[in-house]
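Visitor: I would like to go through the assignments in this model and hear the grounds for each. Please show the entry before we start.

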Amino acid sequence: MAEADALTMELAGLTERQQRGLIDVLDEIRHADGWSWQLPVLLRNRCWLRLSRIPLNELHHLFPPDGRDEAPELMQYRRLLHQGVDPLLAQQSCWQDFGMEDCQRALQAYWRSRDTAIHGWTAQRYRQLVSSYRERIERKITTVPMLVLARKNSLENHRLLWITENTPVMRHTCA
């Protein structure tokens, strides 16, 4: 599904009060003094039909991004494999560089995280949201990110959508 279609579908499910709240959020961003960690992020919980807002600086507390696969031990191991090093030699090299216990701990944490529903919310996706938000604000684009939360006990990922003044549903609401 295209991002524009997903956004239109998500916004069509909002109440009039929630849509007016979106207009207020965009107006607040339009009048903001530039980039700030206090800028809002919207959270859409489809199960409870809720739309809430939090400051960006609280997002990582409410939804801690999973960065276990970015552990230096695992990144070094993957880098060595990519360079064509034999897996056993790559493992031994990592043990020498980081210690066997730290390598084992990183690997165990990685596999445990694979069994936990993080809904695709990785450290990389979190950093991408922050950098995209900052870039858009610095370019004077009035926008707000909306994180559409995955349903509990599902395999789906949280989806990140961007709401702007040009979002179709928003134009109809403002008219």
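Guide: Thr143, Pro145 and Leu147 point one way from strand 3, Val144, Met146 and Val148 point the other way, and all are buried. This is a predicted model, in which local features need pLDDT of at least 70 and side-chain atom pairs count only at pLDDT 80 or more, while totals for chains, interfaces and linings use all residues. Residues are numbered from 1 along each chain as its sequence is written, and side-chain values use heavy atoms, with hydrogens and water left out.

Visitor: What makes strand 3 largely enclosed by the rest of the structure?

Guide: Buried means under 20% relative accessible area, exposed means over 50%, and partly exposed lies in between (1.4 Å probe, protein chains only). Six of the six residues of strand 3 are buried, so strand 3 is largely enclosed. As for the element itself, helices (H or I, at least four residues) and strands (E, at least two) are DSSP runs, numbered from the N terminus.

Visitor: Which strands pair with strand 3, and in what sense?

Guide: Two strands pair if DSSP finds at least two bridges between them. Strand 1 (residues 40–45) runs parallel to strand 3, and three bridges join them. Strand 4 (residues 159–164) is antiparallel to strand 3, over six bridges. Leu43 stands opposite Leu147 in strand 3, and Met146 stands opposite Leu161 in strand 4.

Visitor: Why is Lys140 called exposed?

Guide: Its relative accessibility is 71%, so Lys140 counts as exposed. Lys140 is found in the loop between helix 7 (123–138) and strand 3 (143–148). Its phi is near 65°, a positive value in a residue other than glycine.

Visitor: What makes the contact of Arg127 with Glu70 a salt bridge?

Guide: A salt bridge is a side-chain nitrogen of Lys or Arg within 4 Å of a carboxyl oxygen of Asp or Glu. The N to O distance for Arg127 and Glu70 is 3.1 Å, and their side chains meet in a salt bridge. The pair links distant parts of the chain, with Arg127 in helix 7 and Glu70 in the loop between helix 3 (56–62) and helix 4, 57 residues apart. Arg127 counts as partly exposed at 44% relative accessibility, and Glu70 is partly exposed at 25%.

Visitor: How many salt bridges does a search of the whole structure find?

Guide: The search finds eight. Among them, Arg134 forms one with Glu138, the closest N and O atoms being 3.0 Å apart. Arg134 and Glu138 are four residues apart in helix 7, so about one helical turn separates them. Arg134 has a relative accessible area of 38% and is therefore partly exposed.

Visitor: What does Glu73 touch?

Guide: Contact means heavy atoms within 4.5 Å. Not counting residues up to four places away in sequence, Glu73 touches Cys94, Phe98, Asp102, Cys103 and Ala106.
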